[in-house]
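Subject: Structure for you to look at

Hello,

Here is the structure I promised to pass on. Please open it beside this email and follow along as you read.

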Amino acid sequence: MPVRILSGVQASGKLHLGNYFGAIKQHIELQEREGAELFYFIADFHALTTIHDAKTLRANVRDAAIDYLALGLDPKRSTFFRQSDVPEVTELAWMLSSTTGKGLLDRAHSYKDKVAKGLDASLGLFYYPALMAADILVFRANLVPVGQDQVQHIEMTQDMAQSWNHAYKTDWLVRPEPRLSSTPRVVGTDGEKMSKSYNNAIELQMEGKPLKKVVMSIKTDSTPVEDPKNPDTCNVFALYSLFATTGEREAMAARYRAGGMGYGESKLALLEKIETYFAAYRARRAELVASPAEVDEVLRDGAERARKVAQATMAEARRLVGLR
Ligand code: ADP
Ligand code: TRP
């Protein structure tokens with residue numbers, strides 16, 4: 001059996017360095033893996049938990065699709081689609097919710113964090129992990145490449161699959177495993193986890209002056225220019241390391257420790273790295289913005305391929321629970 005790889009990104013705002021280095025870079029690189037079947041999607045059903053404006057949601061979905069393609073997603077190698085084009089996931093989510101204890105969802109960190117940050121404690125936000133589990137299980141995926149913050153959701157998926165299989169005395173639902181990149185938790189400009197919703201993100205689309213402004217705003221301590229500095233506790237160094245070769249990283253660390261270099265200088269080095277690294281992406285993005293039909297076609301084709309797989313799973317799931 002080929003290994004099946006699946007992941008999704010919420011259409012809740014502009015993609016940032018955390019999304020890229022935690023998740024999307026792995027998604028693109030996994031396209032090189034022999035014999036893998038890849039499914040990537042834009043989680044617009046999930047985005048409904050935070051976005052209640054149709055125009056914004058549509059624009060976000062398009063933006064994320066363009067970003068993925070511009071970053072190297074190849075629709076010939078990956079099945080790339082919009083979650084809502086596969087409505088079967090909502091049906092499986094409902095089935096799972098009937099064999100999952102409420103206590104499991106009570107333990108979700110991401111729900112607690114979001115409510116603590118002031119989001120409404122809607123039923124949808126609470127139910128979010130069951131829908132995510134259905135995304136994964138409906139494709140019978142083996143491997144789910146994500147950032148650190150999503151690992152608990154995948155462990156919950158394992159539990160939900162097990163409870164359902166146990167209830168129906170089957171092993172039809174496949175146990176998925178998370179897969180982390182070498183940088184599973186990218187820090188934001190304030191040193192917290194970078195996130196669309198924390199106002200600390202460096203967005204992939206940023207360039208020129210706005211990019212410089214955010215990079216210059218990265219939080220540092222107040223060690224004077226001449227004093228030695230600790231690279232291991234510095235947000236600028238952590239972000240610079242995402243782009244640097246081992247040699248460049250060591251050279252930068254040595255300059256920190258030697259003293260005589262201000263944070264302004266390491267910020268400029270980071271700025272240059274970001275500008276260069278994402279230059280090709282920005283050029284490709286501009287082309288895709290100018291050809292919306294090409295993006296529509298990719299999503300239409302992906303939806304068709306994805307839906308066939310989901311429909312086959314659901315036919316068997318319905319039979320197993322007694323709906324057919
Ligand atoms: P956000 O937290 O900004 O809303 P999403 O929840 O849509 O981002 O995350 C999409 C993918 O990007 C997930 O796999 C998630 O784990 C990953 N990701 C998000 N933020 C980070 C981060 N700061 N570091 C590493 N990975 C991240
Ligand atoms: N919850 C994920 C996030 O916020 C997005 C997502 C939805 C997802 N369904 C998924 C990720 C299935 C992996 C697999 O990033």
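This is a predicted model: local features need pLDDT of at least 70, side-chain atom pairs count only at pLDDT 80 or more; totals for chains, interfaces and linings use all residues.

The crossing of the two is left-handed.

Which residues of H11 and H12 make the contact? From H11 come Glu-248, Met-252, Arg-255 and Tyr-256. H12 supplies Tyr-263, Glu-265, Ser-266, Ala-269 and Lys-273. By class, four of these contact residues are nonpolar, one is polar and four are charged.

H11 has another partner, H10 (residues 235-243). The axes of H10 and H11 are 9 Å apart, at an angle of about 160°. H10 is therefore roughly antiparallel to H11. The crossing of H10 and H11 is right-handed. On the H10 side, look for Val-236, Phe-237, Tyr-240, Ser-241 and Phe-243. They meet Glu-248, Arg-249, Met-252, Ala-253 and Tyr-256 in H11. This contact has seven nonpolar residues, one polar and two charged.

Now move to H7 (residues 123-138) and H8 (residues 151-167). They pack at an angle of about 75°, and their axes are 9 Å apart. H7 is therefore roughly perpendicular to H8. H7 brings Tyr-128, Pro-129, Ala-130, Met-132, Ala-133, Ile-136 and Leu-137 to the contact. H8 answers with His-153, Ile-154, Met-156, Thr-157, Met-160 and Ala-161. How many charged residues does the contact of H7 with H8 have? It has none: eleven residues are nonpolar and two are polar.

Last, the domains. The domain assignment gives two stretches for domain 1, 4-187 and 292-321. Domain 2 is 208-277. Their C-alpha centres lie 34 Å apart. Each domain puts seven residues into the contact.

How much area is buried between domain 1 and domain 2? The figure is about 580 Å². Carbon and sulfur atoms give 83% of that area. Within domain 1, the residues that lose the most area to domain 2 are Leu-17, Phe-21 and Val-187. Together they account for 73% of what the domain 1 side buries.

Best wishes

Methods. Residues are numbered from 1 along each chain as its sequence is written. Chains are lettered from A and ligands numbered from 1 in the order in which they are written. Side-chain values use heavy atoms; hydrogens and water are left out. A crossing is left-handed if the near helix is turned anticlockwise from the far one by less than a right angle, and right-handed if clockwise. Helices (H or I, at least four residues) and strands (E, at least two) are DSSP runs, numbered from the N terminus. Contact means heavy atoms within 4.5 Å. Ala, Val, Leu, Ile, Met, Phe, Trp, Tyr, Cys and Pro count as nonpolar, Asp, Glu, Lys and Arg as charged, and the others, Gly among them, as polar. Domain bounds come from an automatic or database domain assignment. Buried area is the accessible area (1.4 Å probe) that two parts lose on being put together, summed over both. Axes are lines fitted to C-alpha atoms, for helices over the stretch in contact, and angles run from 0 to 180 degrees between N-to-C directions. Angles under 35 degrees count as roughly parallel, over 145 as roughly antiparallel, 65 to 115 as roughly perpendicular and the rest as oblique.
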